[in-house]
Amino acid sequence: MCGIVGYIGYEQASPHLLRGLEKLEYRGYDSAGICVYDGKILDVFKSKGKLKILSEMIHGGADVKGTVGIGHTRWATHGEPSDINSHPHLSGSGKFAVVHNGIIENYIKLKEHLMRRGVKFFSETDTEVVAQLLEYYYNGNIIDTVIKVMSKVHGSYALGIICIDNPDQIIAVRKESPLIIGLGKNENYIASDIPAILAKTRDIYRLENDEIAILTRSDVRIINTDKEEIKKEIQHINWDISAAEKGGYEHFMFKEIMEQPKAFRDTINPRIRGDRVVLDDEINLTPEQLKNFSKICIVACGSAYHVGVVAKYIFEQTLRIPVEVDIASEFRYRNPIIDKKTLVIVISQSGETADTLAALRESKKCGSYIISIVNVVGSAIANESNDAIYTWAGPEIAVATTKAYSTQLAVVYLLALYFGDILGTISTMDYNKYLSELRLIPDKIEQILENKENIQYFASQQFDNKDIFFIGRNLDYALSLEGSLKLKEISYIHSEAYAAGELKHGTISLIEKGTLVVALATQEDLFDKMISNIVEVRTRGAVVLGLTCEESTEIEKCTDFTFYIPKTCDLMLPSLAVIPLQLFAYYVASLKGCDIDKPRNLAKSVTVE
Ligand code: F6R
């Protein structure tokens with residue numbers, strides 16, 4: 001979603017703003033702009049399209065004088081992507097400049113109200129309402145005015161504001177959309193996410209809802225809407241800066257695919273002590289509470305939801321508790337039957353996804369206990385859960401998730417073992433087998449990555465397909481959902497995932513000569529069934545890529561091309577089988593020349609509903 005940056009210091013602001021925006025490009029955007037106070041006016045430069053266009057327009061920032069500024073990459077919600085709708089937006093007289101991430105839900109009402117009083121609007125955006133309201137209510141005190149405007153607008157917003165009357169300040173406000181403050185020496189920053197400021201400082205504050213930060217060159221004050229000072233802990237970011245750089249790879253997505261063995265190890269190793277999974281530091285549930293749950297609800301969006309679909313099979317198998325999996329945006333409006341006997345597990349890489357956060361809050365209201373599986377430390381979802389278990393994937397920059405998916409799955413295995421142990425639902429023999437297999441997963445992922453050229457070759461034969469189907473049964477079906485999403489989001493090839501047995505209830509009519517079907521057949525007890533389904537589509541002309549385990553040569557006999565993954569216990573096969581699917585999507589998109597890290601229309605963290 002939109003990216004916000006701001007700089008106040010003694011250096012020229014515009015190169016800082018452009019550099020920061022470049023680091024936020026991964027969030028997805030369709031236009032960009034900056035505003036710098038040049039000593040006389042709030043000077044705005046903005047343009048539809050890539051940041052490069054804006055940067056060229058102002059010669060990398062060299063043309064823009066001034067040491068205080070705000071910048072923005074916009075992912076259009078209200079009003080088409082255009083120069084005029086790009087941020088920053090100015091108030092009528094040019095007194096205020098505003099950048100915004102989020103949605104002002106009551107903007108039409110507010111806009112009409114202002115228009116009736118003679119305020120002229122220039123864009124179709126909800127954000128312009130904030131700029132115009134600031135000017136409309138301005139009483140000479142910028143903080144009072146910001147608080148007044150906050151009381152008028154409904155919705156979600158992270159705002160960066162500069163005012164011509166206070167040119168030595170940036171005001172930042174957060175409600176539901178993420179915003180951090182970077183603390184430098186004689187300079188300070190605002191940003192939507194850490195990569196934007198990492199080259200400059202590792203010390204940050206994370207703004208919470210309804211907090212207002214007042215930045216000067218030497219100081220940052222944080223207050224609430226009652227103007228009470230808020231003392232915040234400085235969070236020190238200890239990522240290696242290269243974690244947020246491409247490090248010689250052509251794309252972040254490929255780098256992140258290759259980082260999966262490490263990310264998986266970093267996630268499981270600190271939680272395995274001797275021959276046990278230990279989550280006591282992170283989970284505060286008592287065994288009695290755990291035994292009292294009558295069901296588990298897993299709630300998430302997109303790929304994180306797909307992890308949930310895999311988790312359903314794993315938890316039901318190991319814990320013998322019924323599991324429901326829901327898409328967060330559906331869950332919150334279906335009046336779910338949950339109470340204090342329900343354990344709700346929310347899964348989110350960013351920890352800021354608006355629908356997942358809302359589902360979490362809904363569940364809390366019903367008295368459910370919330371465990372979140374989150375990658376971003378200190379994010380809203382982590383903060384608002386009863387317990388947060390972090391995936392130690394490091395920063396994920398590519399829009400299409402890979403290492404977050406893998407590490408979320410790693411946490412699911414840890415939870416299954418930990419809870420299974422407490423509940424006594426896993427035999428000692430199975431526990432030991434699962435744990436020793438879990439430790440081997442990173443090595444086996446490495447083995448698959450060493451064979452990536454086989455997938456690359458297959459992709460080179462198949463990258464111009466119009467439709468691709470993914471089929472599988474049980475865990476393989478859960479995984480085919482992710483394989484299909486990965487492919488469509490970055491290669492723009494239409495793709496669908498089907499439970500293999502369901503195909504002949506409708507979808508098989510779409511199979512014709514040359515249609516590519518990716519058949520996932522990793523689950524040994526379902527081989528025969530899968531073979532029948534593969535034969536059914538091949539008889540109708542499909543070209544079949546089979547994905548199966550080493551030594552399972554039956555599948556090869558009925559496919560056009562087969563990719564083998566190492567063997568592990570059935571429950572853990574998704575952690576291995578997902579890797580060739582990610583590689584396939586990556587190579588196809590690369591051969592098609594797509595913008596892999598920033599696919600069209602997509603945003604990395606979806607902070608609006
Ligand atoms: C797909 C993808 C998305 C996210 C979804 C949830 O590759 O990345 O489907 O999984 O938007 O995001 P988080 O995990 O941040 O809640």
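Buried area is the accessible area (1.4 Å probe) that two parts lose on being put together, summed over both. The legends below describe a predicted model, in which local features need pLDDT of at least 70, side-chain atom pairs count only at pLDDT 80 or more, and totals for chains, interfaces and linings use all residues. Residues are numbered from 1 along each chain as its sequence is written, and side-chain values use heavy atoms, with hydrogens and water left out.

**Figure 1. Domain division of the protein chain.** The chain is divided into domain 1 (3–238), domain 2 (252–447) and domain 3 (452–592), with bounds that come from an automatic or database domain assignment. The centres of domain 2 and domain 3, taken over C-alpha atoms, are separated by 26 Å. Domain 2 gives 30 residues to the contact and domain 3 gives 28 residues, where contact means heavy atoms within 4.5 Å.

**Figure 2. The area buried between domain 2 and domain 3.** About 2,500 Å² is buried between these two domains, and carbon and sulfur atoms give 74% of that area. Phe254, His306 and Tyr313 supply 22% of the area that domain 2 buries against domain 3, more than any other three residues. Eight residue pairs, both members at pLDDT 80 or more, are in polar contact between domain 2 and domain 3. A polar contact is a pair of N or O atoms within 3.5 Å; within protein, one must be able to donate a hydrogen and the other to accept it, and residues adjacent in sequence count only if both atoms are side-chain atoms. The count of salt bridges (a side-chain nitrogen of Lys or Arg within 4 Å of a carboxyl oxygen of Asp or Glu) between domain 2 and domain 3 is zero.

**Figure 3. Helices on the side of domain 2 that touches domain 3.** At least two residues of this side come from each of H6 (252–258), H7 (260–268), H9 (302–319), H13 (403–423) and H14 (428–450); helices are DSSP runs (H or I, at least four residues), numbered from the N terminus. H9 gives the most, with nine residues.

**Figure 4. The salt bridge between Asp443 and Arg265.** The two side chains meet at 2.8 Å, N to O. Asp443 in helix H14 and Arg265 in helix H7 are 178 residues apart, so the pair links distant parts of the chain.

Figure 5. A polar backbone atom of Gln349 is 2.6 Å from a ligand oxygen atom, and a polar side-chain atom of Glu489 lies 2.5 Å from an oxygen atom of the ligand.
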